[in-house]
Amino acid sequence: MAKPRTDEAEAFYIAVYETVQRIPPGRVTTYGHVARLIDAPQNSRQVGSALKYLHHAPLTNSGTARGLDLESDDNADRDESDSRDFSHQFNSEIVPWWRVISADGRIAFRASRAMDEQGERLQAEGVDVRNDAHSRPRVINLHEYGWFPPPEDELSD
């Protein structure tokens with residue numbers, strides 16, 4: 001994970017990771033809903049950034065890392081010496097980043113291999129990932145597969 005610049009940013013990343021870990025297999029939610037659940041409704045893009053900077057899990061038997069951004073896109077300029085090591089608690093295998101999608105039901109655009117992997121992981125969990133006829137690749141039906149619990153402050157009302 002990229003080094004958060006402040007304790008507040010670190011707390012934000014941890015809240016994102018802990019919230020994403022609550023998403024059940026076979027379900028998805030949106031970046032915006034994660035932001036809402038952690039009481040930061042204006043920060044859906046930062047949710048995406050937090051997920052992007054998850055450490056890759058250790059190498060698998062095939063010798064390849066499993067996780068977000070397998071291709072080098074924006075990650076090439078990361079300074080690994082400038083990061084806090086949360087990988088024992090939060091990494092790309094422990095935090096199911098693949099269960100978080102855009103508000104319109106699409107897998108968010110990023111390196112092609114990462115998008116393919118996200119779709120494959122969701123399909124392995126039983127989520128129907130479609131390429132629709134209107135050239136909107138990797139679409140998930142949020143009504144069928146969405147996970148949208150109310151924020152805890154709404155439960156007490």
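Are Trp 97 and Trp 98 buried or exposed? Both Trp 97 and Trp 98 are buried. The model behind this briefing is predicted. The chain holds 6 helices and 4 strands. Buried residues account for 43% of its 157 residues.

**Overall layout**

- Along the sequence, the pattern runs α-β-α-α-β-α-β-β-α-α.
- Among contacts with a separation of 6 or more, 66% join residues 24 or more positions apart.
- The chain exposes about 8,800 Å². Carbon and sulfur atoms supply 46% of that area.

**Nonpolar core**

- In soluble globular proteins, nonpolar side chains tend to be buried together.
- The largest nonpolar core here has 34 residues. Val 16, Tyr 17, Val 20, Val 47, Leu 51, Leu 122 and Ile 140 have the most contacts inside this core.
- At least two core residues come from each of helix H1 (7-20), helix H2 (31-37), helix H3 (44-52), strand S2 (100-101), H4 and helix H5 (142-145).
- H1 gives the most to this core, with 5 residues.
- Ile 140 touches Val 28, Ile 101, Gly 105, Ile 107, Leu 122, Val 127, Asp 128, Val 129 and Tyr 145, leaving aside residues up to four places away in sequence.
- In H3, the buried residues are Val 47, Ala 50, Leu 51 and Lys 52. Their cover includes H1, H2 and S2.

**Gln 118 in helix H4**

- Gln 118 sits in helix H4, which spans residues 112-124.
- The relative accessible area of Gln 118 is 0%, so this residue is buried.
- Which residues does Gln 118 touch, not counting those up to four places away in sequence? They are Trp 97, Trp 98, Val 100, Ile 101, Ile 107 and Arg 110.
- Ile 101 and Ile 107 are contacts of Gln 118.

**Aromatic pairs**

- The count comes to 3 aromatic pairs.
- One of them is Tyr 17 with Phe 90, whose ring centres are 5.2 Å apart. Their planes meet at 45°, so the pair is tilted.
- Tyr 17 lies in helix H1 and Phe 90 in the loop between H3 and S2, so the pair ties together parts 73 residues apart in sequence.
- Tyr 17 and Phe 90 are both buried.
- Why does the pair of Trp 97 and Trp 98 count as edge-to-face? The planes of their rings stand at 85°, so the pair is edge-to-face. The ring centres of Trp 97 and Trp 98 are 5.8 Å apart.
- Tyr 13, Tyr 17 and Phe 90 make up one aromatic cluster.
- Arg 121 lies over the face of Trp 98, 4.3 Å from the ring centre.

**Salt bridges**

- Side chains of opposite charge can pair when their charged atoms come close.
- There are 7 salt bridges in the count.
- Arg 106 bridges to Asp 104, with the closest N and O atoms 2.7 Å apart. Arg 106 has 33% relative accessibility, so it counts as partly exposed. Asp 104 is also partly exposed, at 37%.
- Arg 113 bridges to Glu 120, with the closest N and O atoms 3.5 Å apart. Arg 113 is partly exposed, at 27% relative accessible area. Glu 120 is partly exposed, at 42%.
- Asp 116 bridges to Arg 138, with the closest N and O atoms 2.4 Å apart. This pair links distant parts of the chain, 22 residues apart: Asp 116 is in helix H4 and Arg 138 in strand S4 (residues 136-140).
- Asp 116 is partly exposed, at 27% relative accessible area. Arg 138 has a relative accessible area of 19%, under the 20% cut-off, so Arg 138 counts as buried.

How values were computed. Residues are numbered from 1 along each chain as its sequence is written. This is a predicted model: local features need pLDDT of at least 70, side-chain atom pairs count only at pLDDT 80 or more; totals for chains, interfaces and linings use all residues. Side-chain values use heavy atoms; hydrogens and water are left out. Buried means under 20% relative accessible area, exposed over 50%, partly exposed in between (1.4 Å probe, protein chains only). Contact means heavy atoms within 4.5 Å. A nonpolar core is a set of buried Ala, Val, Leu, Ile, Met, Phe, Trp, Tyr and Cys residues joined through side-chain atoms within 4.5 Å. A salt bridge is a side-chain nitrogen of Lys or Arg within 4 Å of a carboxyl oxygen of Asp or Glu. Rings of Phe, Tyr and Trp (its six-membered ring) pair if their centres lie within 6.5 Å; planes under 30 degrees apart count as stacked, over 60 as edge-to-face and the rest as tilted. A charge sits over a ring if NZ of Lys or CZ of Arg is within 6 Å of the ring centre and within 35 degrees of the ring normal. Accessible areas come from the Shrake-Rupley method with a 1.4 Å probe; for residues, only the protein chains shown count as cover.
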